[in-house]
Amino acid sequence: DNNLRNPNDIIHEGDRYDYDYRTSRIGVKFYATAEWSIADFDFIVGAQMTPERIWRRGFFEKELFAGNASFGHSKSTTLTPAMINASCRYTLNNHILTAALMLSSNSPDEEDIFLQPQYNNRLADNIKLSNTLSAELSYTYITKRLRLDASLYLNSTTREMDVVRYYDDLSGEYADAVVSGIGRIHYGIEATAEATWSHLFNSLFAVNIAQYRYHRN
């Protein structure tokens, strides 16, 4: 191997070598929820915030990224993802109608924070939280032997980032490109029916019609 810290190292089966590193993520979660009922309506409101710090430590000094570019502690990034959600449920005999809404900001995955994430301690530039809007409207009908569920849902994400590995024909080398401002939207309808015929036998039927696409890249 090309470990500059131990160039004449002899590797045995079971030894740790090559692109050896550890990624760390530490954070504190703060959350609160409130629930109350008015007549046949149930309400739930929640909020969450998680300040966190992300960094990595390399245990292998790679020849292409000598020094602390691959060995030791990297720089760290501090992010504060948050979430707020609200739902309302109306119950009338065997019928339940529920509406839910969630807004959240989310941290990128570790592999989208570091360039050449397997062996380079360098952080990507301009690391941002992505934003997500989720909404759902659902209906449930319940009897002793039958349960029907149907829901409309929407999930829209903006400001996602991705680190893409590609081969540069001009330079003859592999490189990482940071793609930012990615937006995705998912929406559709799904329905399930569960019938209980006896204490030993039941049937479950499901259908889902949806579209998943990018709306910004």
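Two strands are taken to pair if DSSP finds at least two bridges between them. In the predicted model, strand β2 (residues 30–38) and strand β3 (residues 41–49) pair in the antiparallel sense over nine bridges. β2 and β3 form a hairpin with two residues between them, and A39 in the turn has a positive phi of about 55°. Within this pairing, F30 stands opposite M49 in β3. None of the nine residues of β2 is buried, so the strand lies largely in the open.

Strand β4 (residues 52–59) takes part in several antiparallel pairings. Seven bridges join β4 to strand β1 (residues 21–27), and W55 in β4 is the bridge partner of S24. Three bridges join β4 to strand β6 (residues 77–79), again in the antiparallel sense, with I54 opposite T77 in β6. β4 also pairs with strand β5 (residues 71–73) through three antiparallel bridges; here the bridge partner of R57 is H73 in β5.

I54 also belongs to the largest nonpolar core, which has 11 residues: I54, L79, I113, F114, L115, L123, A124, I127, L129, M161 and V163. Leaving aside neighbours within four places in sequence, L79 is in contact with T50, P51, E52, I54, S107, P108, I127 and L129.

Y119 is placed in the loop between β8 (95–106) and β9. Its relative accessible area is 17%, so Y119 is classed as buried, the limit being under 20%. Beyond its neighbours within four places in sequence, Y119 is in contact with Y19, R56, K62, F65, A69, S70 and R165. The C-alpha atoms of Y119 and L152 are separated by 44 Å, although these residues are 33 apart along the chain.

L152 is found in strand β10 (residues 146–168) and is partly exposed, with a relative accessible area of 47%. L152 contributes to a nonpolar surface patch together with L97, L137, Y139, I189, V207 and I209, and the accessible area of the patch is about 630 Å². The elements giving two or more residues to this patch are β9 and β12 (202–216). In strand β9 (residues 130–142) lies S138, which counts as buried at 18% relative accessibility. Apart from neighbours within four places in sequence, S138 is in contact with I96, L97, T98, A150 and S151.

A search of the whole structure finds seven salt bridges. In one of them, E110 meets R25, the closest N and O atoms being 3.1 Å apart. E110 lies in the loop between β8 and β9 and R25 in strand β1, so the pair ties together parts that are 85 residues apart in sequence. Both partners are partly exposed, E110 at 27% relative accessibility and R25 with a relative accessible area of 34%. A further salt bridge is formed by the side chains of E160 and R184 (2.7 Å, N to O). This pair links distant parts of the chain, with E160 in strand β10 and R184 in strand β11 (residues 173–196), 24 residues apart. R184 counts as partly exposed at 24% relative accessibility. Salt bridges that share partners join R25, E52 and E110 into one network. The side chains of R122 and D125 also meet in a salt bridge (3.8 Å, N to O); R122 is partly exposed at 47%, whereas D125 counts as exposed at 54% relative accessibility.

Note on methods
Residues are numbered from 1 along each chain as its sequence is written. This is a predicted model: local features need pLDDT of at least 70, side-chain atom pairs count only at pLDDT 80 or more; totals for chains, interfaces and linings use all residues. Side-chain values use heavy atoms; hydrogens and water are left out. Buried means under 20% relative accessible area, exposed over 50%, partly exposed in between (1.4 Å probe, protein chains only). Helices (H or I, at least four residues) and strands (E, at least two) are DSSP runs, numbered from the N terminus. Contact means heavy atoms within 4.5 Å. Patches are made of residues with over 30% relative accessible area and no salt bridge: like charges are joined within 9 Å, nonpolar side chains (Val, Leu, Ile, Met, Phe, Trp, Tyr) within 5 Å. Accessible areas come from the Shrake-Rupley method with a 1.4 Å probe; for residues, only the protein chains shown count as cover. A salt bridge is a side-chain nitrogen of Lys or Arg within 4 Å of a carboxyl oxygen of Asp or Glu. A nonpolar core is a set of buried Ala, Val, Leu, Ile, Met, Phe, Trp, Tyr and Cys residues joined through side-chain atoms within 4.5 Å.
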